[in-house]
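Open the model in your viewer and keep the sequence beside it. The tour below says what to select at each stop.

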Amino acid sequence: MKRAGMLILAAAVFLGIIGGTWHLWSAGSGAKKGYTFDLIIKGTSMEFWKRVNEGAQAAASTYHVSVTMYGPAVEKDYAQQAGLVEDSIARKPDAIILAAADYRLLAKPVQDAIDAGIPVIMVDSDVDNSRTVAYVGTDNEKLGTMLARQLCQRTDAFGEVGVVSFVKESYPAVQREKGFRDAIRSDKRFAVLDTVYAYSDVAKGELLTKELIDQHPNLTAIAALNAWSSEGAARALSKLGNSRIRLFAIDCMPEEAMYMEEGVLSLALLQNPYQMGYYGIETACRYLKGETVGNRYTDIYPVEVGTMFDDLYQQLIFPFDS
Amino acid sequence: MVLTHPSRQPGKADPRPKHIPSFHWNSLWVIMAASTLGLSLIAVVAITLVVYRHADAAINHSIEQNNAQITENVSASINSYIKEMVSISDNVTSLLGRYSAKELNSKLVVFLREDVETIAVFDSGGKPVVTTDKRTLRSDIEITRQSWFSGASTNGRRYLISQPHVQRLYRGEYPWVITLTRGVSWEEGGQTRSGIMIVDMNFTRIKDLCSRDLENDGYLYITNQQGDVVYHPKQQMIYAGILPEEITLASALKEGSSVVRTKDVQRAVCVKSLSNAAWRVIGVSSMNGLAAYGSGPGPYIVLSIVLLAVAILAGSLLLSREMLRPLHNLMALMGRMTGGEGTELAPVGGVYEVGQLGDSFNRMVARIRQLMVQVRTEQEQLHRSELKALNAQMDPHFLYNTLDSVIWLAESGDQKGVIQMVLALSKYFRLSLSGARDFITVEDELQQVEKYLMIQKMRFGDAFTYQIVCEPEVRKARTPKIMLQPIAENAIVHGVGTMEEGGVIVITARRSGEELELAVRDNGCGIKPEVLEHILESDAGARSGIGLKNVHQRIKLACGGEYGLKVESELDEGTTVRLRLPLRFEQAKKEGEQ
C-alpha cells in the first residue's frame, strides 16, 4: 500500500534523525566516562609516590578520569593507611588503586571495599586478598633475585651478607627477601644473616647497618631492600669509611646517587613508579570497561656509577621537580 | 515510534456520524502531521549540522591561532632568556681581560641570580679558574670528560647550549640545568690562556615557560634540530615507553602552524625554531572544536532538537487539524446524511476544494433522492398492475358460472329468478368495478358479497343460508375491494356447497384492537389439516385455494406484510377465514381515491 510505504519512509527518516542526533551526542560526550578513582599510597611527600601519582595523573588525562591521591605523609606512618582505605570506601569511588603498606593489616579494609562493590587494584605492594582485580608493579621476587645475582657477580670476597629490609609484614619486603634468599642460596661463598627491618626509617636503617657491621666482622656485602633502607645503610657505610663492604640497593634517591658516585653504593635496581601509576589507572579503566585484566609487571633497571647519568636513569633518579 | 501496517479498525465500519474522527494511522491528519514533522526535523537537523560544522571550524581555527600565538610567545621568552644568558657570558668574557681571576670572583657575584646555577671558567685542562660561589667544586670528577666540556667550542664567538642534564659540580647536589658553553681567552701573567666558560641555567625556568597551559589539552615541548626531545611535559611517559605517538609528530613538520590528523584526533601543531639555540619549540593543541567546551555541545543540541521536535509535532498536529477541519465537518455531515438525517448539506464554505466536494456531494445526494422517488413510483405502479391483474383473474371465473345459472334459470322459465339474478349480478359488478378505485368501504364490500351470496344461493337452490353482521363502527372503514367474495366462493364450493342442506355462511365485520377484522365462517366439511397447513403458501401448486392465496397476497401488497389471512378449520365442523386489515378511514379514502 502506497500510504503504508510513505509512513514507513517517514518513520525511517525520523529514526535516521534520532540516530544522527544521537551520534552527535555521543561524539560530544560519549568518550567521557567520568570515573573517579582513589589512589592510596604509602607516603604523599615522598618522591617515589609523587612519581606514582604523576603516572596516575597522566593516565587520568589519557582516559578522562579523575584520580585523587591519598596516603600518610611519610611511609613510616603506614599504620594510618587502613583508616584511609575505610575513608575512601565512604567516598564510593569507582575504583581504589592501593599500594598496601602491610600485607595483612590492609586485608580487611580491602575486603570491605570489595564488599562495598568497589574494585581494588593493587600497585607496588600487594595485599593478602585474592579478590583484588590485579597487581600492577614490580615483580618483587624477581627484583630480589636480580639483586642477589648482581651481588654474587660483583662481590669477590667470601663472607656474610646482611639484609636490611623495611616493613616486616609488607608483601614486597617478603617477596624481595624470598627472591633474594632463594637466588643466593646456590652460591656457597655467602652466608646470609638474619634480616633486619628498618621500617622505612633512614635513621633506623643507619643504626641497624652499624650494628650489623659491628657484630659481623666477616660481613662482605649488604643488600638493602628499599630506598630508605639503602640510604640508611649507605650513610652508615659512608660514615664508617668502610670501603670493603659492598652495598647493593633497591631504588635510588639523589642522596644515594651521591653515595654511588663516591663508590659506597655499588649497584641500585631502579623501579619505574611512573609506570605503576599509569598502568594502575589504565588497568582500572579497562576493568571497568569489562575487559579482562591481569597482573602487570613494571620495568626494572640495574644502575651503577657508569650509567647513572644516562638519559633514562637520570630522569628516574633525579626527577625534574626535586 | 513504531508504525504498524495501517489497518482498518473496527470503529471504521461504524456508520455513525462523528464530528471528530477517531484516530487512524492512515488518516490524512496523521500523514500531514508526520510529514510536516519529518520535513521540519530534516530542516532543523540539516541547519544544526551546518551551523555546528561552521562553529566547529571557527573554533578549531581559533584554537590553531591561539596555539601558534602561545608557541610564538613561549619561544620568544625562551629566546630572550637565552639571550640574557649569552649577554651574561659576554659580560664575563669582557671582564676576564681586565681583572685577575681573584678579582673576578667577587665581580661575578652581580651576575648571579636565582635561575643561574653556576658561572665558571675552566682552563683547557679542566681546572677551575673562576667560580661564582663559595661552594667548592667537586674534585672527584673529571671536568674534561663531561659532555658539555668536551663538546664545547674554543672559538670565543660561538656558544653552545646543551641538552638539559643533571649537573654534578657540587657534592650532593644534582640540579637540572642547561649549560651554555663558550671558548674564552684571557691574559694572565703576560700569557694568553684559553679555556671554557660555562653558564648553568636552572632548567626550571624553561620548564615553567613551557608549562604554560595551552587550551584543549595542549602542551609545549622542545626538541633539538635532530628531533630528539629536549623537554617534554610528559617526558616520564616517554621514558616509561607509554606515549610514542606525539614525539615523532613534529619532527617532520616545517616551521609554522599546521594541522596533524591522527586516527582519532586532529591537532594544531606549531613549530617555532629558536634563534639563540638549536631548538624547536613545538606547541600542540587538540582541535576538538565545540566539543572542547565542557562535555561538548551534544546534549544541548540533542535537547533542543528533541524540544523542537515536540513543538513541531504539537504544532503540526494542531495546524493540520485546523486545515482539515472543513473536511472533517464535511465528513460529519455526510455521515449524518448517510445515516438518514438531514436532506441537504449546508454549503461548506472556506476552503475551495472542500466546497467543491460538498457541492458534488449535494448534487449526488439530490440525484440519489430523485432515483429513489422514481424507484418507489415504479414499484407502486408495479403493485397496482399486479393488483389489477388479480382482480381481472377473478372476474371471468364468476361471470361464466353466473351466466350459466342465468341460462339455466331462463331455460327453466323462472323469469322472476332470472330478473333477480341479473339484478344482483348487475349490482355486484357495479360494486366490483366501482370506478378504478382499489379501496372501498366495508359497507360496499359487504353489499357486494351479499349480492354474490344471493346469486350463489339461487344457483345452489337454497342449499345454504347466509348471514352478514357488521359493527356500525367499521361500516365506513376502508378495505381493498373484492376481498370477501373469493372467500365466500371458497366457503360455498369447498364448504357448504357439498352439503344437501343446512349450510350456513356467516360473514362478520368488526374492530379488533386497531385492526379491522372481516371473517367468513361456514359449517361445511372443513379442510384437512395437511392441506390447511400449506393453504396460504404461494407455491402450493394445487388449484384449490387459489382464491385464498390471491386475497392473502393482495392484502399484503395493498396494506403491508403484517396483514393477511388466517384460516382455522376443523373437519366436519367448518372453517373460519379471518381477514386482518388496517383500520383506516379518511386517509385510506384519500389514498384509495388517488
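Which residue in β11(B) is the bridge partner of Tyr219(B)? Select Val284(B): this is the residue paired with Tyr219(B). Bear in mind throughout that the model is predicted.

Stop 1: Now show the open sheet of 5 strands in chain B, whose order is β8-β7-β11-β10-β9 with antiparallel pairing. Its edge strands, β8 (229–231) and β9 (256–261) of chain B, each pair on one side only. From one strand to the next, the twist averages 30 degrees.

**Stop 2: helices on the sheet.** Select α2 of chain B, residues 28–98. This helix lies across β7, β9, β10 (266–273) and β11 of chain B, at about 155 degrees to β11(B).

**Stop 3: a helix in chain A.** Move to α2 of chain A, residues 47–63, a helix of 17 residues that reaches 24 Å from its first C-alpha to its last. Colour its buried residues, among them Phe48(A), Trp49(A), Arg51(A) and Asn53(A). The buried residues of α2(A) pack against several elements of chain A, including β1 (36–40) and α10 (273–288), and also against α6 (235–239) of chain B.

**Last stop.** Select His64(A), which follows α2(A) and has a positive phi, near 55 degrees.

Notes:
Residues are numbered from 1 along each chain as its sequence is written. Chains are lettered from A and ligands numbered from 1 in the order in which they are written. This is a predicted model: local features need pLDDT of at least 70, side-chain atom pairs count only at pLDDT 80 or more; totals for chains, interfaces and linings use all residues. Side-chain values use heavy atoms; hydrogens and water are left out. Helices (H or I, at least four residues) and strands (E, at least two) are DSSP runs, numbered from the N terminus. The expected span of a helix is 1.5 Å times one less than its number of residues. Buried means under 20% relative accessible area, exposed over 50%, partly exposed in between (1.4 Å probe, protein chains only). Contact means heavy atoms within 4.5 Å. Two strands pair if DSSP finds at least two bridges between them. Axes are lines fitted to C-alpha atoms, for helices over the stretch in contact, and angles run from 0 to 180 degrees between N-to-C directions.
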